[in-house]
Amino acid sequence: VQLQTSGGGLVQVGGSLTLSCSASGIIFSGNAIGWYRQAAGKQRELVAAISASGDTTNYSDSVKGRFTISRDNGKKNTVYLQMNNLNPEDTAVYYCNLHRRLGGTPWNSWGQGTQVTVSS
């Protein structure tokens, strides 16, 4: 499955961005989705995840209350990550990936990701 991420950019501290993750094919809607990020020199980390139905979401402590994950399983076939009150520690390349279940591990190949840079 080919995943496409978009929406990254340069934003000032306290600003907001919305990332999008889309994919072709019916498989997308049958999977949980995770948003990950990888800052320079650090390991990739899971920041948010959403169940296949969209009813359940999980967040890392570092983004809880600031980020919101949602999905449109209809025509848009897209998962979103709304990021508010951004700070420099949020600077990273953001990726999405498929999970067979919420809490599972990513199973698809990683796409290019989208760069988010927060300037102070």
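Which side chain meets that of Asp61 in a salt bridge?

Which side chain meets that of Asp61 in a salt bridge? The partner is Lys64, with N and O 3.4 Å apart. The legends below describe a predicted model, in which local features need pLDDT of at least 70, side-chain atom pairs count only at pLDDT 80 or more, and totals for chains, interfaces and linings use all residues. Residues are numbered from 1 along each chain as its sequence is written, and side-chain values use heavy atoms, with hydrogens and water left out.

**View 1. The whole chain is built from strands.** The protein chain has 10 strands and zero helices, where helices (H or I, at least four residues) and strands (E, at least two) are DSSP runs numbered from the N terminus. Its pattern along the sequence is β-β-β-β-β-β-β-β-β-β. The C-alpha trace spans about 40 × 25 × 25 Å along its principal axes. A compact globule of 120 residues would have a radius of gyration near 14 Å, and the 13 Å of the protein chain agrees with this; the radius is taken over C-alpha atoms, and the globule rule is 2.2 Å times the number of residues to the power 0.38. Of the 120 residues, 38% count as buried, meaning under 20% relative accessible area, with exposed over 50% and partly exposed in between (1.4 Å probe, protein chains only). Among contacts (heavy atoms within 4.5 Å) between residues at least 6 apart in sequence, 54% join residues at least 24 apart.

**View 2. Phe28 sits in the largest nonpolar core.** Such a core is a set of buried Ala, Val, Leu, Ile, Met, Phe, Trp, Tyr and Cys residues joined through side-chain atoms within 4.5 Å. The largest one holds 25 residues, and Phe28, Trp35, Val79, Leu81, Met83 and Tyr94 touch the most other members. Strands that each supply at least two residues of this core include S3 (17-23), S4 (32-38), S5 (45-50) and S7 (67-72). Further suppliers are S8 (78-83), S9 (92-99) and S10 (114-119). Leaving aside neighbours within four places in sequence, the contacts of Phe28 are Leu3, Cys21, Ser22, Ala23, Ile33, Arg71, Asn77, Thr78, Val79 and Leu98.

View 3. A salt bridge is a side-chain nitrogen of Lys or Arg within 4 Å of a carboxyl oxygen of Asp or Glu, and the whole structure has four of them. The side chains of Asp90 and Arg37 form one, at 2.8 Å from N to O. Asp90 belongs to the loop between S8 and S9 and Arg37 to strand S4, so this pair ties together parts that are 53 residues apart in sequence. Asp90 is buried at 1% relative accessibility, and Arg37 is buried at 6%. Arg66 also bridges to Asp90, with the closest N and O atoms 2.7 Å apart. Because Arg66 lies in the loop between strand S6 (57-59) and S7, and Asp90 in the loop between S8 and S9, the pair ties together parts that are 24 residues apart in sequence. Arg66 counts as buried at 13% relative accessibility. Through shared partners, salt bridges join Arg37, Glu45, Arg66 and Asp90 into one network.

**View 4. Asp61 and Lys64 form an N-to-O pair at 3.4 Å.** Asp61 is exposed, with a relative accessible area of 69%.

View 5. Seven of the eight residues of S9 are buried, so the strand is largely enclosed by the rest of the structure. S4 and S9 pair in the antiparallel sense over seven bridges, pairing being assigned if DSSP finds at least two bridges between two strands. Tyr94 in S9 is the bridge partner of Arg37. S9 and S10 are also antiparallel, over three bridges, and Ala92 stands opposite Val116 in S10.

View 6. Arg44 lies in the loop between S4 and S5 and is partly exposed at 29% relative accessibility. Not counting residues up to four places away in sequence, Arg44 touches Tyr36, Arg37, Gln38, Tyr95 and Trp110. Arg44 and Ser109 are 65 residues apart along the chain, and their C-alpha atoms are separated by 14 Å. Lys75 is in the loop between S7 and S8 and counts as exposed at 87% relative accessibility. From Lys75 to Thr91, 16 residues apart in sequence, the C-alpha to C-alpha distance is 31 Å.
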